Amino acid sequence: MSPSAVYILTASFLTYPMLWTLSLHLHSAVTGSYVSGTYSIVFVNCPNEQIARDIARAILEKKLAASVNILPKTSTLHFWKGEIEETTEILLLIKTKTSKIHMLSSYMRLIHPFEIPELFSVPMNQGDPHYLKWLKEEGMIED
């Protein structure tokens, strides 16, 4: 392939994000490499440990996540209805497919006791290849 053809092909993929994403997934399938951002870590605060455990188990049973860490009590200061409040909360770190975050968020609004559950995510850009493989193969996250 000539250098100009490679340039045009590369420019096409960069110009069209969908083509670029598809090419990354194809490359990942062929080489077994990880596509950055395929999985995310979702942060959710809960009012106590029992609710955190119940939520973690529920989202695992629904196959909305592969793994959930329950972090110990933390102090939180925040605004609520114009007033500063101080509470203690339990933090969930939920590992899931990035494509599942919308479904996870909708489900969280149904089962979480907070009027507005705190839920945000960050994509996994790097990680141990064995762990990322486990997320894909053993994590049981269904599409």
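User: Which side chain meets Arg53 in a salt bridge?

Analyst: Happy to start there, with the reminder that this is a predicted model. The N to O distance is 2.8 Å, within the 4 Å limit for a salt bridge. The partner is Glu49.

User: Are Arg53 and Glu49 buried, partly exposed or exposed?

Analyst: Arg53 has a relative accessible area of 44%, and Glu49 has 41%. Buried means under 20% and exposed means over 50%. Both values fall in between, so Arg53 and Glu49 are partly exposed.

User: How many salt bridges does a search of the whole structure find?

Analyst: One of them joins Arg53 and Glu49. Another pairs Lys81 with Glu115, where the closest N and O atoms are 3.9 Å apart. The search of the whole structure finds two.

User: How many residues apart are Lys81 and Glu115?

Analyst: The Lys81 and Glu115 salt bridge, at 3.9 Å between the closest N and O atoms, links distant parts of the chain. Lys81 is in the loop between E2 and E3, while Glu115 is in the loop between H4 and strand E4 (119–123).

User: Does Lys81 count as buried or exposed, and what about Glu115?

Analyst: The cut-off for exposed is over 50% relative accessible area. Lys81 has 66% relative accessibility, and Glu115 has a relative accessible area of 62%. Both values pass the cut-off, so Lys81 and Glu115 count as exposed.

User: What is the phi of Lys81?

Analyst: Good residue to look at again. Most residues other than glycine have a negative phi. Lys81, in the loop between E2 and E3, is not a glycine and yet has a positive phi, of about 55 degrees.

User: And what is the phi of Lys63, and where is Lys63?

Analyst: Lys63 is partly exposed, with a relative accessible area of 24%. Its phi is positive although it is not a glycine, at about 60 degrees. As for its place, Lys63 is in the loop between H3 and E2.

User: What span does helix H3 reach from its first C-alpha to its last?

Analyst: Helix H3 covers residues 49–61, which is 13 residues. At 1.5 Å a residue, the expected span is 18 Å. The model comes close to that, reaching 18 Å.

User: Within what arc do the buried residues of H3 fall?

Analyst: The buried residues of H3 are Ala52, Ile55, Ala56, Ala58 and Ile59. Seen down the helix axis, they line one face of H3, because they fall within an arc of 165 degrees.

User: Which exposed residues are on the face of H3 turned away from its buried side?

Analyst: Let's take the two sides in turn. The buried residues of H3, including Ile55 and Ile59, are covered by elements that include strand E1 (39–46), E2, strand E3 (83–97) and helix H4 (101–111). The face turned away from that buried side carries Arg57 and Glu61.

User: Which elements do the buried residues of H4 pack against?

Analyst: Start with the residues themselves: Ile101, Leu104, Ser105, Tyr107 and Met108 are the buried residues of H4. They pack against E1, H3, E3 and E4.

User: Which residues is Ser67 in contact with, leaving aside neighbours within four places in sequence?

Analyst: Ser67 lies in strand E2. At 19% relative accessibility, Ser67 counts as buried, because the cut-off is under 20%. Its contacts are Leu60, Leu93, Ile94, Lys95, Tyr131 and Trp134.

User: Which residues make the nonpolar surface patch of about 380 Å²?

Analyst: One member is Phe79, in strand E2 (residues 67–80). Phe79 is exposed, with a relative accessible area of 62%. Together, the patch is made by Leu77, Phe79 and Ile84.

User: What pattern does the protein chain follow along the sequence?

Analyst: There are five helices and four strands in the protein chain. Read along the sequence, they follow the pattern α-α-β-α-β-β-α-β-α.

User: What percentage of the residues of the protein chain count as buried?

Analyst: The accessible surface comes to about 9600 Å², with 61% of it belonging to carbon and sulfur atoms. Among contacts between residues at least 6 apart in sequence, 69% join residues at least 24 apart. Of the 143 residues of the protein chain, the buried share is 28%.

Note on methods:
Residues numbered from 1 in each chain as written. Predicted model: local features only at pLDDT ≥ 70, side-chain atom pairs only at ≥ 80, totals over all residues. Heavy atoms only, no water. Patch = residues over 30% accessible without salt bridge, like charges linked within 9 Å, V, L, I, M, F, W, Y side chains within 5 Å. Areas by Shrake-Rupley, 256 points an atom, 1.4 Å probe, with all protein chains shown as cover. Helix = DSSP H or I, 4+ residues; strand = E, 2+ residues; numbered from the N terminus. Buried < 20%, exposed > 50% of the residue type's maximum accessible area, 1.4 Å probe, protein only. Expected span 1.5 Å × (residues − 1). Arc of directions from axis to C-beta. Contact = heavy atoms within 4.5 Å.
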